[in-house]
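Open the model in your viewer and keep the selection panel at hand. Each stop below names what to select and what is there.

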Amino acid sequence: EPELVRSEVARGRMIIPANINHTSLEPMAIGIASTCKINANIGSSALASDVKGEIEKIQISQQYKADTAMDLSTGGDLDEIRRNVIEHSKIPIGTVPIYQIIHDVNDKIEDLDIPTMLDVLERQAQQGVSYFTIHAGFLLQNMPNVAKRKMGIVSRGGALMASWMLHYHQENPFFQAYDQILDICAKYDVSLSLGDSLRPGCLADASDDAQLTELKVLGDLTLRAWEKHVQVMIEGPGHVPLNQIERNMKIQRELCHEA
């Protein structure tokens, strides 16, 4: 019912990722009150970057009823690939912007700066990307917790942020520029998928201080996003034993305000 959708979106427990520039989009909802959603990951690489191939992937994804798709391209003309993917899609398209940011600075993490980051985010939003996965919750102060781990950081975005922070001994640039990122999201109605940079990559690291400390920061970032009318979903929990899944989801709901 319309009122159920309205109340769940207002509560922050459901999102409708729908960029104003994705004109062929057929809106859908993600949240506990909606059906389970299937996401398709597509994208080019440095070894295979073919626009025609990516169009075929998004068409096949829709043929087999994917509810959303992520363009995770890392090679070729990323803007052209994304333009074509969005043009041929009726489902929301998400991205991990750090992939293009790193591509645009020729894989030199030390050349990454906040103006470059914001330029890529604005460009992708203008094209019609409906949700961004950004790794803003991994802070410099959490680095000692990572050192205790068996498998360290298995998230590519998280590893890139760690490399940048260790190189410059400065706070996570996504965290530094979070307010500007929210302004871009609000302008185009882009939802945020707050990335779990420190998700456990093996059972030994499950539910550790690194994971839970980041989750608390993601909860704070959720409230800041809601203040600017930006929709949020939270990634997680990563590789956890079966007997820790229920506890992890309860902790995640509590720390992140049911986002």
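Select Tyr64: this residue is exposed, at 64% relative accessibility. Exposed means over 50% relative accessible area, buried under 20%, and partly exposed in between, with a 1.4 Å probe and protein chains only. The model is predicted, so to speak of local features a pLDDT of at least 70 is needed, side-chain atom pairs count only at pLDDT 80 or more, and totals for chains, interfaces and linings use all residues. Residues are numbered from 1 along each chain as its sequence is written, and side-chain values use heavy atoms, with hydrogens and water left out.

Stay on Tyr64. It sits in the loop between helix 2 (51–63) and strand 4 (68–71). Helices (H or I, at least four residues) and strands (E, at least two) are DSSP runs, numbered from the N terminus.

Next, select helix 3 (residues 78–87) and helix 5 (residues 114–127). They pack at about 30 degrees, with axes 10 Å apart. Helix 3 is therefore roughly parallel to helix 5. Axes are lines fitted to C-alpha atoms, for helices over the stretch in contact, and angles run from 0 to 180 degrees between N-to-C directions. Angles under 35 degrees count as roughly parallel, over 145 as roughly antiparallel, 65 to 115 as roughly perpendicular, and the rest as oblique.

Show the side chains here. Helix 3 brings Asp79, Arg82, Arg83 and Ile86 to the contact; helix 5 brings Arg123, Gln124 and Gln127. Contact means heavy atoms within 4.5 Å.

Move on to helix 9 (residues 178–188) and helix 10 (residues 209–227). Their axes come within 10 Å and cross at roughly 45 degrees. That makes helix 9 oblique to helix 10. Tyr178, Asp179 and Leu182 of helix 9 meet Leu221, Thr222, Arg224 and Ala225 of helix 10.

Last stop: the cysteines. How many disulfides does the structure hold? It holds 0; a disulfide is a pair of cysteine sulfur atoms within 2.5 Å. Select Cys185, which is in no disulfide. Cys185 is buried, at 1% relative accessible area. Then select Cys256. The closest cysteine sulfur to that of Cys256 is in Cys185, 17 Å away, too far for a bond. Cys256 is buried, with a relative accessible area of 1%.
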